[in-house]
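Here is a short briefing on one structure. Look at the sequence and model first.

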Amino acid sequence: MENNNFDKIISFTKRRGFVFQSSDIYGGIGGFYDFGPLGVELRNNIKNSWWNYMVQKRENIFGLDSSIIMNPNVWRASGHIETFSDPLSECKKCHKRFRTDHLKENKCPECNGDLMEPRNFNLMFKTFIGPVEDDTSIAYLRPETAQGIFVNYKNILNTQRTKIPFGIAQIGKAFRNEITPGNFIFRMREFEQMEMEYFVKPGKEDEAFKYWIEQRVNWYTNVLGIKKENLRVREQEKDELAHYAKGCVDIEYNFPVGWLEIEGIASRGDFDLSQHQKFSGEDLNYFDIETKEKYLPSVIEPSCGLDRIFLAVLCDAFNEIEGGRTQESEEKEFLLKLKSNIAPVKVAVLPLVKNKEEITTKAKEVYNMLKDNFSCQYDETGAIGRRYRRQDEIGTPWAVTIDFESIVNNDVTLRNRDTMEQQRVKISDLISIINEN
Ligand code: ATP
């Protein structure tokens, strides 16, 4: 029997070193998390996959890595200083604070006390630049990576000799002082975004909007391997749309706690560029050499959060099997059916026994050969069945076992995680067989 459950997934990610609470030995800090050895590998694989799909495979999308702290005028122009806020309610009795739009009733969920009138709470983290802390030195940690792209639009256009339509993509940390972080790493105060701004001629935005929705769904299902039935595209209601937006859809994943947003795709018109043009005084118009037209391009923005995708991928791949998959094991087993392109470890190298030097020497030879090509783990402790299960649990697609025959015949057993099928293959063929599959 297979079942999924959020708490089990959370404890699994902690137990196997994917995710740790930040500053754990000091009791943690709300809304911040650290990623352990397996977590880093999985995140890097998801980032590389996004970068490859969005930037490297396309001639007209350019990469960027802009700074986290920018001139505060960026946030005046974008509207974040004035309007990037959530409604906050404070309890008159216990003084705990909550996001008003997340409350079910007009009473404090902690102590049932009366709530004060809601007020707007700006989500940007403030800091100071230089040695003097006053109003003139205030700066903000970016609450999104997108504005770094808009303020570099002209730099990219001028240095890359590109034409419209083109896009600029960036991956990086963003910071929001969320009133109520929660659902594990779903809503954090420090998180990572992967965003792309696609600039088109006004009038072409609807076509581009449709195109990018299809492309993004394709990435989730065909590249990351997320099950189609666990993903949906939800059109935002009119009252959810930003005032300048022409359309916006959310890509949602069916988490064990319900359908929640992992990506937003917005048709933003020329709002951002026209605001930056106004506040900076720079001419940000695009000049079309062929038609001699001058205009501010319209923008389509696919914007997703790495941490939410990381969580969705884990939930999607997580299987708990009561009684185990093999007859000899009666224990509960965990199987992480990650697609091999994002699995943190690709190959486990396992000497059948650890007290025969010829076998461990051969196993280390195989490990040294494979580790230049794949991320590998060498494991010699415990019974072989137990070692297979440890690898199944973290989603390792292949296990290579070295036994007595391997020394004579130069071959090994190659085991597939999902089918548990074992085949005998020559050591010299290992790399090409794993690559082909
Ligand atoms: P929500 O409505 O859940 O607060 P949002 O609509 O404000 O999200 P966007 O501003 O559209 O989110 O940001 C784009 C993406 O960044 C989101 O789809 C999400 O994946 C990610 N993201 C936003 N806020 C957070 C957060 N606090 N923690 C983790 N990821 C986040």
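This is a predicted model: local features need pLDDT of at least 70, side-chain atom pairs count only at pLDDT 80 or more; totals for chains, interfaces and linings use all residues.

Residues are numbered from 1 along each chain as its sequence is written, and side-chain values use heavy atoms, without hydrogens and water.

**Ligand site**
- The ligand has 15 residues around it, and E178, R187, M188, E261 and I262 come nearest (near: a heavy atom within 4 Å).
- A polar side-chain atom of E178 sits 2.8 Å from a ligand nitrogen atom (polar contact: a pair of N or O atoms within 3.5 Å).
- A polar backbone atom of F186 is 3.3 Å from a nitrogen atom of the ligand.
- In the side chain of R187, an N or O atom lies 2.8 Å from an oxygen atom of the ligand.
- On its own the ligand has 600 Å² of accessible area, and the protein covers 80% of that (Shrake-Rupley method, 1.4 Å probe).

**Helix pair**
- Helix 2 (residues 37-56) packs against helix 9 (residues 306-317) at about 110 degrees, with the axes 10 Å apart (axes are lines fitted to C-alpha atoms over the stretch in contact; angles run from 0 to 180 degrees between N-to-C directions).
- Helix 2 is therefore roughly perpendicular to helix 9 (65 to 115 degrees).
- Helix 2 contributes G39, L42, R43, I46 and K47 to the contact, and helix 9 contributes L306, D307, I309, F310, V313 and L314 (heavy atoms within 4.5 Å).

**Backbone**
- The I164 to P165 peptide bond is cis, with omega near 5 degrees.
- N183 is not a glycine, yet has a positive phi of about 55 degrees.

Terms used:
Helices (H or I, at least four residues) and strands (E, at least two) are DSSP runs, numbered from the N terminus. Angles under 35 degrees count as roughly parallel, over 145 as roughly antiparallel, 65 to 115 as roughly perpendicular and the rest as oblique. A polar contact is a pair of N or O atoms within 3.5 Å; within protein, one must be able to donate a hydrogen and the other to accept it, and residues adjacent in sequence count only if both atoms are side-chain atoms.
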